[in-house]
Amino acid sequence: SPTYYEYAADLAAGNHTVVMEYFEGFGNALAKLSWARRAAPGEGIIRINAGGSAYADSFNNFWEPDGYFTNANATAPITATQTEEAQPIWNTTDDPLYINEHATAFRYNLPIPNGNYTVRLHFAELFFNSPGVRRFNVDVQGQRELAGFDIYGQAGKAALITKSFDTTVTSATLSINFTKLFDNAVVQALDVYPTGSVDLAAPTFAPIPQLENRTYTTPPTVTL
């Protein structure tokens, strides 16, 4: 089975060289090196792999493991679920980021400096094969942004779709609340950027039909 190693290092601004060595013992050997830049505290950038562990995506962005969440209903448990099917996720090259989800009814309370932000939520329907089976609401900072949202109804099965919303933080906490209507509310990943600092009109996946948001094909550009 594959062996994975992860290492974090603080590097000064500038160019760096990474050298990886591996040795073939028996049979064929294959090595893959992935790297990602982790957003610095106070930068106002948050990336979370909902229901999953840390992840370096194909555009060298670092996604934190699931965290900063709380149960929105004291009687209902929060679950982190991974798909039971070996299925590709359409409209992305980062399938591992979207094969898990945070499910039931829940809230993210993200610590972040006060300011204006764009919140982007990433969804993929991993289980159901028809529209109307899963529907849920999403509130950002107390504002209803998605009502009766149906992932399959807008994107089909195992296809990535994102929704982006502008908001303002005045209490150093950004709240995103998921409430279920039919079956569980879910989210695969979420990211937050200061408004205007990242081109969120250019996400890292191919065009798909979106009734509420525009779609684009080129990766985002971050200015450091």
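Trainee: What should I keep in mind about the model and its numbering?

Mentor: Residues are numbered from 1 along each chain as its sequence is written. This is a predicted model, where local features need pLDDT of at least 70, side-chain atom pairs count only at pLDDT 80 or more, and totals for chains, interfaces and linings use all residues, while side-chain values use heavy atoms, with hydrogens and water left out.

Trainee: Why is Thr70 called partly exposed?

Mentor: Buried means under 20% relative accessible area, exposed means over 50%, and partly exposed lies in between (1.4 Å probe, protein chains only). Thr70 has a relative accessible area of 33%, so Thr70 is partly exposed.

Trainee: And what makes residues 69-71 a strand?

Mentor: Helices (H or I, at least four residues) and strands (E, at least two) are DSSP runs, numbered from the N terminus. Residues 69-71 form strand S4, and Thr70 is found there. The chain as a whole comes to 1 helix and 14 strands.

Trainee: How far apart are Thr70 and Asn177 in sequence and in space?

Mentor: They are 107 residues apart in sequence, yet 9.6 Å apart in space, C-alpha to C-alpha.

Trainee: How do you know which residues Leu174 is in contact with?

Mentor: Contact means heavy atoms within 4.5 Å. Leaving aside neighbours within four places in sequence, Leu174 meets that test with residues including Tyr108, Tyr117, Val140 and Val192.

Trainee: What makes a group of residues a nonpolar core?

Mentor: The group must be buried Ala, Val, Leu, Ile, Met, Phe, Trp, Tyr and Cys residues, joined through side-chain atoms within 4.5 Å. The largest such core here has 29 residues, and Leu174 is among those with the most contacts inside it, as are Tyr108 and Phe178. Strand S8 (residues 115-123) gives the largest share of this core, 4 residues. A second, separate core of 10 residues includes Leu97 and Ala158. In soluble globular proteins, nonpolar side chains tend to be buried together.

Trainee: How much of the chain counts as buried?

Mentor: Of its 224 residues, 41% do.

Trainee: Why are 11 residues in the lining of the second largest pocket called nonpolar?

Mentor: Ala, Val, Leu, Ile, Met, Phe, Trp, Tyr, Cys and Pro count as nonpolar, Asp, Glu, Lys and Arg as charged, and the others, Gly among them, as polar. By that sorting, the lining has 11 nonpolar, 2 polar and 4 charged residues.
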